[in-house]
Amino acid sequence: MRASIKWLKDYVTFTDSPETLAEKLTMAGVPVACIEYLGKNIDRVITGKIKEIRKHPAADRLFVCRVNTGREDLTIVTGATNIQEGQIVPVALVGAKLPNGQEIDHAVFRGVESHGMLCSAEELNLDSKTISPELRDGIYILPPDTPIGIDVKEAMGLDDVVLEFELTANRADCFSILGLAREIAALTGGVLRKPMLNLRETGGEKAAALVDIAIAEPALCSRFAARVLRNVKVGPSPVWLQHRLQAAGMRPINNVVDVTNFVMLELGQPMHAYNYDLLARHQIIVRRAYPGERLTTLDGVKRELTPDMLVIADAVQAVGIAGVMGGLATEVTESTKTVLLEAAAFNGANIRRTSRALGLRSEASGRFERGVDVTNIVRALDRAAKLLEDMGACTVCPGIVDQYPTVVLPRQISFTAKQVNNFLGTEVPQAKMVDILRRLEFDVDVHGEKLTVTVPTWRADVAGPADICEEVARIYGYDKIPSTTPSGDIVYGGQSSLQNVIDRARNILAGIGFTETISYSFTHPAVLDKLNVPQDSSLRMAIPLLNPITDDFPLLRTTLLGGLMETIVRNLSRKNEDMKIFEVGAVYRPKQLPLKDFPQEPLMVCGALTGRRYELSWNQAKEFVDFYDAKGAVETLLTSIGISGYKVEEGTHYALHPGKTAVFVKDGDRLAVVGEAHPKVLDAFGLNRPVYLFEITAEILLRHAVPIPAYQPLPRFPAIVRDLAIVLASDVSVDRVTHAIWESGGPLLADVKLFDVYTGEQVPKGSRSLAFSLTFRAIDRTLTDSEVEVYYKDIVIYLEKTLEAKLRV
């Protein structure tokens, strides 16, 4: 936002220097990013009138001009071809200095003396974006009514200083000159002067009889109002208005367009002018775009619209993209005689999505995105109509056509001065608080110690007592608030137990070759479809976002698996084919929708593996990861955080392959699930290779984790190892056998490991051979074979009895 000092002084009188004013505004929460002196380094450049142009006698490409400067006629040689006799131009006198550092001196061009120089826009350091294309090249031509002999800075509005603001999005009121003037008045004690609006309305027929306006989408357009202007004379704007726009960084176009831009900058209300005679049936309908609807915008680009976009339409077609850009078909041109002038309030989120989707950003869309004052719309229309009426550019038809479905009422906030002072740590008197708030145009009712404030509708950011405290503090002066030493009990900082477990899990997985990824906390319903999530699953109850960053992420995620699968797809598309990745993050699971309470946010640890087991190398086998790599990663993680005594059972999971899914269970808690991705999931994500996944709930890990593992001394006495090979039915799981061995192995059994699985000709059909290594050890003595034999036989007998196993010999 750019604001010139001259323009600000139209509404409030102050004597502060630009630097002092910028400091005050910045300290009050209206930060000034930089100060620009428009005519800086321009000296001894005045306006002059070209009285005569003749060709140089000795040079084909040079011209000799006689220029009147108001005091004398000067002979100046130039090579410019865009000048004509009678034009008024900037003249740099001998001794003049220009912004590029050039100093002008007497010069002789092939025998002809030149006593100065005619200046171009570039030599005067003018911003090319703020001047018309025909003035950007060659000598700068001033308006024909420009006085001769005056300082060019005065003639071109360069005797001004511009403050450029870095405003936060919540201060929509400061995206207007009047809003900034209000802040300056509050800070300097000046009186705010608002423009007077006394319309003559001599246009004859009432506006209500000339145009019909309807709002089909009141959720996206809270108000739409219009005036009708007759006998319009489109032409250049007055010089003063052009200078105001140029100082703000905008290019003057014509009086109608310039007035709408001027009012937008002055009052913060974007406006648009339509050629009334080109509106079908003289109707305006605010509706959503039709599927496949196209519109050629003012920049000449034909754009395809979507039903998510709001348009301004007549009875036949869309004539503008609401809040973004108007249509070329109803553009105001020099032949326009009747204008429909409109001002509206649109849904900010919708305008932001539309402008991003179309790649169109403008001063108007930026203001709609931040929010405009709905109650200011009629005033903006009156201001624009008054300016054009005073220029003699139109006659205004009586009345306004105003569609305002839901009237916005100002909010009220009650508090006491004591509450504000306690919040701020100050001793500001109540009378001072009332004065500050009234200077900001808040209505204040005083009832003893109780203050009731009516917040102006343009201050949507003030919603509660804390915001009132901020208003008092920033105008009173943050530097006046006394510094105090913070007091309170000293609390030892540290991580929670859950954070410690998560950090350990991260370190463990990274240590075994996994790479951590971070994905968005947002997702799309299509991702849940791809993951094969059942329609009745609670995971489908995802929280919708009010303002998603893009249409691809309208929901908060309920699982991390979607992000991992998309990361794999993205990496495979870039030829990164070997991956071991994991993510630690929260998922969001509400109890009900719409939300009435905060959702549960459990932390999850999820991982994915695909591709080769080892990095490609001459001394490594070219093996690919499988189910047991994923299972082993989970086992390593559980063991490293002290979890033991769990069972591994066959399980099911919506995203995993039936029969190739295992769950880790302890004391009824499901510690983890691991398995191969379901073929349907792979197809949905466009993958043609197996992917292995695991999913762990961090809170359950914490429940069973051992923060400090118990110390176990190294064994002093040797162990005895016996091998046990048994034949039993194929449907008996290894887990059942292992637990049976532990149950019957007695107190000396220290370890059980499976080291061979065999099916083939040597065992009956429907059976398989399992070979275990059994380790026996005593902590106080060396065992004998006879001691171990007793327990070994007990194991064999127990297996034969409970699992119908046979000892393989």
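# Strands, helices and buried residues in a predicted model

Leu310 is found in strand E17 (residues 310–313), where helices (H or I, at least four residues) and strands (E, at least two) are DSSP runs numbered from the N terminus. This is a predicted model, in which local features need pLDDT of at least 70 and side-chain atom pairs count only at pLDDT 80 or more, while totals for chains, interfaces and linings use all residues. Residues are numbered from 1 along each chain as its sequence is written, and side-chain values use heavy atoms, with hydrogens and water left out.

With 1% relative accessibility, Leu310 counts as buried; the term buried stands for under 20% relative accessible area, exposed for over 50%, and partly exposed for what lies in between (1.4 Å probe, protein chains only). Contact is taken as heavy atoms within 4.5 Å. Not counting residues up to four places away in sequence, Leu310 touches Glu217, Leu220, Cys221, Val286, Arg287, Arg288, Ile321, Ala322, Phe346, Asn350 and Thr354. Between Leu310 and Gly323 there are 13 residues in sequence and 8.5 Å in space, C-alpha to C-alpha.

The strand that holds Leu310 belongs to a sheet. Strands of a sheet pair through backbone hydrogen bonds, either parallel or antiparallel. Here two strands are said to pair if DSSP finds at least two bridges between them. E17 has its place in an open sheet of five strands, ordered E11-E14-E17-E18-E19, with mixed pairing. The edges are formed by strand E11 (212–215) and strand E19 (325–326), each of which has a single partner strand, so one side of each is left without a neighbour in the sheet. For E11, pairing with strand E14 (residues 283–288) is parallel and extends over four bridges; within it, Asp212 has Gln283 of E14 as its bridge partner.

Cys221, one of the residues touched by Leu310, is itself buried, at 0% relative accessibility. Strand E12 covers residues 221–230, and eight of its 10 residues are buried, so E12 is largely enclosed by the rest of the structure. Which strands pair with E12? Strand E20 (residues 339–346) pairs with E12 in the antiparallel sense over eight bridges, and Val228 stands opposite Leu340 in E20. Strand E22 (residues 401–403) is joined to E12 by three bridges and also runs antiparallel to E12, with Gln403 of E22 as the bridge partner of Phe224. Strand E21 (residues 395–396) is antiparallel to E12 as well and is joined to it by two bridges; there Leu229 stands opposite Val396.

The next element is a pair of helices. Two packed helices are described by the angle between their axes and the distance between the axes. Helix H7 (residues 348–358) packs against helix H8 (residues 363–370) at an angle of about 145°, and the axes are 7 Å apart. These axes are lines fitted to C-alpha atoms, for helices over the stretch in contact, and angles run from 0 to 180 degrees between N-to-C directions. On the H7 side the contact is made by Gly348, Ile351, Arg352 and Ser355, and on the H8 side by Ser365, Phe368 and Glu369. Sorted by class, the contact has two nonpolar, three polar and two charged residues; Ala, Val, Leu, Ile, Met, Phe, Trp, Tyr, Cys and Pro count as nonpolar, Asp, Glu, Lys and Arg as charged, and the others, Gly among them, as polar.

Another buried strand is E29 (residues 579–586). Seven of its eight residues are buried, so E29 is largely enclosed by the rest of the structure. E29 pairs in the parallel sense with strand E26 (residues 515–516) over two bridges, and Ile581 of E29 is the bridge partner of Thr515. Strand E30 (residues 603–610) runs antiparallel to E29, to which eight bridges join it; in that pairing Phe582 has Gly607 of E30 as its bridge partner.

Trp7 lies in helix H1 (residues 5–9) and counts as buried at 1% relative accessibility. Leaving aside its neighbours within four places in sequence, Trp7 is in contact with Ile177, Arg244, Ala248, Phe262, Leu265 and Glu266. Trp7 and Leu245 stand 238 residues apart in sequence but 9.9 Å apart in space, C-alpha to C-alpha.

The cysteines remain. A disulfide is a covalent bond between the sulfur atoms of two cysteines. With a disulfide defined as a pair of cysteine sulfur atoms within 2.5 Å, the count comes to zero. Cys119 is buried, with 0% relative accessibility.
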